[in-house]
Amino acid sequence: MTNKKLNLVVSSGAGISAESGISTFRDAGGLWENYPVMDVASADGFERNPALVHRFYNERRKALGRTIPNRAHKILHELEEFFNVYVITQNVDDLHERAGSTNVLHLHGELMKMRAVDEPSFIRQLPSYDAETSVDTVVDRHHMRPHIVFFQEAVPMFEPATEIVEKADIFVIIGTSLVVYPAAALVRYVRPGVPVYYIDPNPGTNIPAGVHVIRAKATEGMAQLTEILKKQLKA
Ligand code: APR
């Protein structure tokens, strides 16, 4: 291809990692059916019982260490040959990075990082999937917490994400129920006329007009989308 590469911007949610064996949040048997969300993933919950919150994310991190990226993550990496691919993910796993994606923005934080309770910009990588944090974890005199955006907290990466979406030539939503804001509002920043695809076996009801829905699991849906994109490149 000799023309300038188009910007393919992808907004991913828990569904893209489902086929890697990571539970989604709101499907039957999802995480929020088994854990009280406001206890383990809210600012109030962390204040009430930080030890429980640390334990919850330690478990998630260990489980992440036992998973690998699936074909959907890998296809997104492979598409970098033809497009400038930007992944904006609500996921706190590292499967996009492990699949090789170059540009990954995490809206809701990262399991493999911790940050200072008193200084949001003081962020440290955790050394392994078995690494644990606790109320006693202190780095350079800072008490540390999971690097997760809790419910009731601001989403500092939202604005940078909107700037990426504004540059999209193609926008793809994959594996998200589109119920959590502001992430669900990203599609509003797409320029008029830009094609939008939504891959999900059970798409949410909050689908903006004009979106092309691909009702399929992430791996199958990404394969279908690749065929569509190839035809567009040839056209
Ligand atoms: N492939 C693609 N999508 C799938 C698959 C699959 N194999 N399996 C399930 N899904 C879809 C579901 O149909 C659903 O629409 O993934 C979506 C998962 O929705 P949620 O569980 O609500 O996850 P998500 O939208 O990522 O949640 C947003 O909520 O709890 C918070 O911070 C957490 O980032 C998370 C946010």
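Is Arg145 buried or exposed? With a relative accessibility of 7%, Arg145 counts as buried, where buried means under 20% relative accessible area, exposed means over 50% and partly exposed lies in between (1.4 Å probe, protein chains only). Before we go on, please note that this is a predicted model, in which local features need pLDDT of at least 70, side-chain atom pairs count only at pLDDT 80 or more, and totals for chains, interfaces and linings use all residues. Residues are numbered from 1 along each chain as its sequence is written, and side-chain values use heavy atoms, with hydrogens and water left out.

Let us stay with Arg145 and look at its partner. The side chain of Arg145 meets that of Glu153 in a salt bridge, 2.9 Å from N to O; the term stands for a side-chain nitrogen of Lys or Arg within 4 Å of a carboxyl oxygen of Asp or Glu. Side chains of opposite charge can pair when their charged atoms come close. Glu153 also forms a salt bridge with Arg115, and here the closest N and O atoms are 3.9 Å apart. This second pair links distant parts of the chain: Glu153 sits in the loop between E7 and helix H8 (158-166), while Arg115 belongs to strand E4, 38 residues apart. Helices (H or I, at least four residues) and strands (E, at least two) are DSSP runs, numbered from the N terminus. Arg115 counts as buried because its relative accessibility is 11%, whereas Glu153, at 26%, counts as partly exposed. Through shared partners, salt bridges join Arg115, Arg145 and Glu153 into one network.

The structure holds nine salt bridges. Another one brings together the side chains of Arg48 and Asp39, at 2.9 Å from N to O. Here Arg48 counts as exposed, with 54% relative accessibility, and Asp39 as partly exposed, with 28%.

Arg115 leads us on to a pocket. Rolling a probe the size of a water molecule over the atoms shows where empty space is left. On a 1 Å grid over the protein atoms alone, a cavity is a set of points where a 1.4 Å probe fits but cannot get out, and a pocket is an open set with protein on both sides within 12 Å along at least five of seven lines; lining residues have an atom within 4 Å of a point. The second largest pocket is lined by 19 residues, and Arg115, Pro120, His147, Val149 and Pro156 lie nearest its centre. Strands E3 (104-106), E4 (109-116) and E7 (142-148) are the elements that give two or more residues to this lining, with the largest share, four residues, coming from E4. The volume of the second largest pocket is about 310 Å³, a volume being the space filled by probe spheres set on the points, which are joined across faces, edges and corners.

Now turn to the ligand. It is surrounded by 22 residues, the closest being Arg26, Trp32, Thr176, Ser177 and Asp200, where a residue counts if one of its heavy atoms lies within 4 Å. An N or O atom in the side chain of Ser177 is 2.5 Å from an oxygen atom of the ligand. From the backbone, an N or O atom of Ala14 lies 2.8 Å from a ligand oxygen atom.

Definitions and conventions: Polar contact = N/O pair within 3.5 Å; in protein donor to acceptor, adjacent residues only side chain to side chain.
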